[in-house]
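Open the model in your viewer and keep the selection tool at hand. The tour goes from stop to stop, and each stop says what to select.

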Amino acid sequence: MTTLDDVDALDAVVRDAFARTNDARATAKAADASRALDALKRDARAWAVCLRAYSRTTSSETKFWCLQTLTEALAKEARGGGTTMSDEDAETLRRALGACVSEATGESATGGDGGDDRRSSAATAASSTSTPAFVKNKLAQACAYAVALEYPERWPSFFADLANLLSRGTQGVDMFTRVLEAIDEELIATVDAGRAGKEDFARSMRIKEAMRADGSLRLVFDAWRQCLEHYARVDPRVATRVWSVARRYVEWVDVGLVASEEYVKGAKECLMLDDLSGAADESLRAAAVGYLHAVITKGMETSAKVRLIISTKIVEVCARLQVICAATQDDFDEEFVTQVTNLAAAVAAELLNANKVENITALGVELSAEVSSSLHQVTPLVLSSISFKHERAVLVALPFLTAYIGYMKSQPALLNAAQPALTSACQALIARGAFPTEHIDGLDWNDGSNALTQEFEADVFSLRAELNVQLKNIARLAPHLAREVVRQVLMSAVVGSGEGNQLCWQNVEVAISALFTLGEGADDAAVKPMSIADRAKATNGTGEVTDTPLGALVVSLIREWGTSVGRAAYHRLVAPTFLEICVRYHAVLERDDAALVAALTAFLDERGIGHVDLAVRSRACYLISRLSRPLRCKLSDKVENIMCVLPAYLTEFARSLPEPATQNAAFVSVSAAGIQSRAMAESGNDDRLYLFEAFGTMLGADEVKEEEQYRYLSQIAAGLCRQIEEVAAGGQSGEDAPIRIALATRAIVAFGNISKGFSQRTCLTSRPRTGEVFRSCLEMSLRCLDVWPRDASVRNRATGFLHRMIDLLGPTVTPYLAPTVHKLRRDADAVELRETLVLFNQLASTYAAELAPFVVEVLPGLAAQIFNTISSAYAQASVESVGGSIATNTEVVREADELERMWLTTTAALGANALIAPTFTGYPNTKRTAPLREQLLSHLVQAAQSHGMVSARKVALTALKSFVEEWTLDTSPDEPPSLEGAPTSSAPAKGPRDERVPGFTRFVVERVCVECCILPPIRGDLDLSDAVSVGALNESFAILAVVHARQSDALTTALTHIFRHSILPSHSPDRIDAIVNEYIRVLAAAAAAGKPHLRSTKPARALVDAVRREIGAAPDRGRTLDLTPRLAKRGV
């Protein structure tokens, strides 16, 4: 076995363990090596031997492993309180660690006096560069745990010994900072490092208190100060490292030390505030700024914080740094600019907090004046950071702006004084959200499909979303100010930039985007409905929307859009933004004819639905559909002009499929705020088909002349019908079948979209010819089921359009119903049958009892097919079962379960829509539907008593209740009428006085009441703490209440028999009678309560719980009747 004393063997084992290879033999060898190293670690003296091995080996990997083993041992010892290490071992540890650190830094002949540091660095390079950084970091971590174990009791001179490293030049400073950084990471920082245990807090506090008490903190900070004074000019990288590590200690070290005059002076010297050339070291500047930020954000009293800001003149520093960043912004690294912004934002936030009412009194008059003055100086500095090129710097400034706006909301009296700052903020927010104007290789803003373009767009829109939050906040605080800024930006971009064809589209786009954003939530009649009085107040008495501040701005833009913007209006990012504005401010268009014409022209030409970019065209189609809804009456007198343009686009969009790249992906369109949308997500759809909805909305208005409406509707409908005829002529198969199916479904979708603009009154009463057009469309769409009966998209679209026509054309659709259902269920699987039932349920809900002939014709065959499909699915699952248990989580069984639950819903719909009597009674329906009735009732009883889903049981019980109410013989005596002629009680409605279905009443009393309503609850099937289970219990007692009201004696006899002979045979007859009487009492109380929502469930639940307890205590439980719970899980 390998030992730690055999250095060569240890090197080989470590090398094998760290090897990375795909070779199986090498992998096995690495596993063996790892096991050998783990065995070595288990030696109690492994840490001491590792120190010896470290000094002997030349392998960096072995050194790292030795240090890792040492660190783990020291960490374990520190957690144990350091009780197992003797004084002799501690002395060995200290000496060995000192030797390791000496080896890592090398010996310096010249010391650290700085006379010739560069020569010193070169001399030590040979001995120190052989120690890689990862070994030095692990060595620093080991030193940190040695501090946790030995300091201050047995190693009080640790930090003094560590400071001696500074005499060894840059390598010594490097190791000095690494160790102090490791101490902070491993010992002092707790919450930030994810260590929140009591022991971690106690250890951190112990070390910090010891460093304060013995002067180690001052020693360390003095050492850092000396390093900064020397290396800031000689080797900025070393000084940067010192600032970064020193920043870690600022939070808990006394402010007099971290913010001493020497440190602040040193930070300013490193910042080189007078150097605008950009020659200064940016990393050093950023580290110094970071240190100052830590000092400013250090926790202290408000008055102390204010005095610190004033004494350090940090506001002047921020101002100078902003000048430096603004002078050569593109030449600076993002980290430096971000740190500068972070510092200014922190100073501003501290001053803003000090300027609050609760703090001003405590500060005093003089100090409060200083705070106010400093806040007014630093606020513009932070806001100017919003214009910086680097996004991180911009995002750093936004939280302060949020706080500033909130402060101004709480201090309305200061709003006038804050207007310059808020104006600057608005201008910066709008300008920073613009697209870049500089040339970027490979970037073409006119090509929306370009990957690089999409990436840049996403970045701009993401940042703009953050900026717009602040812009809207300012607009809510000072709407007049925000409007004025937007007006100026619009004038500059649209009017003041020169000739129309020379406008910069980036400026135009960001200006109109700002106007779009301004309207979100604005308290202006242009975007918000107002009362006549409020509108008159907002418009100086005119009451016109176009006279409101926003309305006037929008009207002036829309009227002059075509002439003032020129070719910029056709840009793929500008065009949809303008269309978004038209939709948002549609109230303005409704009151201004010239603006409406200009907007419609933009929608209908190459700036809208005719744009060369597909995304813009799609977005324009969606937006015009939204615009046409509120303006349909206003557009009715312009239909003839619109129809001069629209038919060609409608035909084109119906016959053109989406690009292959977007057909199966989320096709998106650009909107004004950078929001991307995909409004129509299903197969066979894209946003361009919204144009048909806009067409239907405009044409379906009552103000459109009937002849004009019929002519244009029949023209477009005929074209879509021809499209279906052409693609259907090619038959079901063929290489082009997918394309033909897609074209057919697009036509069906277009039919449906057009119909959304029409009402049933228009199609059936006032203008029946319109209804005839839609009926012809329905006939053509249903023909697709003959050509492609099993295609899912065709089935979905055809049935969806049928749903719409049922609502639109009412009873005139009934001749198409039965043939359609027969087509849908032909060779249908479980999923397709379920969809057929969904259609059936909608028909039942729409037509109610009038649907009876259709139900009699369709339901028997449909039910037989459904039961056969369900039984086949379970038979297949039984054949494929393992160990006799059927796998219920397969796709086939899941689909069969969903079909069964939908069938239960359908049977409940028969009762809910008064279809039971006309379907199952009366000649000749009784004979035709008798097998269906028996099959249906048998399945309902089985589902109600043993289905695995509580929700399915509840639906089955609801369906049974409908049959019970319809057919159960009523033998109760007639109640005498009251003086007013109304019944004196709220008992259930009277039932039939003759047996409608022979034997049904007996079936209800003996099977439904006992097996479905009595046994499942007391058997423990239902969890009565669950709302769905309580709903099933309510349905059970509702059935019992109806039967009790009509067949009281029969129900009492049945209850007595089942309890006496099966449930509780050992109980006395008196006890059985008491239980039955309690059931009767609860049922009578439920009947007296009247409507179901007035009934309390507590009596029923209490009764069931009591019976359960009695059954559980009975000695003969389950002897004659299986009362094992058939647990049902909660389901939707």
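**Stop 1: the cavities**

Start inside. The model, which is predicted, holds 6 cavities of 30 Å³ or more. Go to the largest cavity, with about 80 Å³ of space.

Which residues line the largest cavity? Select Leu 429, Ile 430 and Gly 433 to begin. Now colour the lining of the largest cavity by class: 6 residues are nonpolar, 4 are polar and 1 is charged.

**Stop 2: the largest pocket**

How many residues line the largest pocket? The lining has 23 residues. Select Lys 389, Arg 432, Ala 434, Pro 436 and Glu 438, which lie nearest the centre of the pocket. Then turn to H23, which gives the largest share of the lining, 4 residues. Colour by class again: the pocket lining has 9 nonpolar, 7 polar and 7 charged residues.

**Stop 3: H16 against H20**

Select helix H16 (residues 302-312) and helix H20 (residues 365-384). Their axes come within 11 Å and cross at roughly 60 degrees. Why are H16 and H20 called oblique? Angles under 35 degrees count as roughly parallel and 65 to 115 as roughly perpendicular, and a crossing at roughly 60 degrees is therefore oblique. The crossing of H16 and H20 is left-handed.

Show the side chains next. From H16, pick Ser 303, Val 306, Arg 307 and Ile 310. They meet Leu 367, Glu 370 and Val 371 in H20. By class, this contact has 4 nonpolar, 1 polar and 2 charged residues.

**Stop 4**

Step along to Lys 313, in the loop between H16 and helix H17 (314-327). Check the backbone here. Phi of Lys 313 is near 50 degrees, a positive value in a residue other than glycine.

**Stop 5: a cis peptide bond**

Jump to Tyr 151 and Pro 152. A cis peptide bond joins Tyr 151 and Pro 152, with omega about 0 degrees. Where does Pro 152 sit? Look in the loop between helix H7 (133-150) and helix H8 (158-163).

**Stop 6: H29 against H31**

For the last stop, select helix H29 (residues 575-584) and helix H31 (residues 593-604). The axes of H29 and H31 come within 10 Å and cross at roughly 135 degrees. These helices are therefore oblique to each other. The crossing of H29 and H31 is left-handed.

Which residues make the contact? On H29, select Phe 578, Leu 579, Cys 582 and Val 583. On H31, select Ala 599, Ala 602 and Phe 603. Colour this contact by class: it has 7 nonpolar residues, with no polar and no charged ones.

Notes: Residues numbered from 1 in each chain as written. Predicted model: local features only at pLDDT ≥ 70, side-chain atom pairs only at ≥ 80, totals over all residues. Heavy atoms only, no water. Axes fitted to C-alpha atoms, helices over the stretch in contact; angles between N-to-C directions. Helix = DSSP H or I, 4+ residues; strand = E, 2+ residues; numbered from the N terminus. Parallel < 35°, antiparallel > 145°, perpendicular 65-115°, else oblique. Left-handed = near helix turned anticlockwise from the far one by under 90°. Contact = heavy atoms within 4.5 Å. Nonpolar A, V, L, I, M, F, W, Y, C, P; charged D, E, K, R; others polar. 1 Å grid on protein atoms, 1.4 Å probe; cavity = no way out; pocket = protein on both sides within 12 Å on 5 of 7 lines; lining within 4 Å. Points joined across faces, edges and corners; volume = space filled by probe spheres on them.
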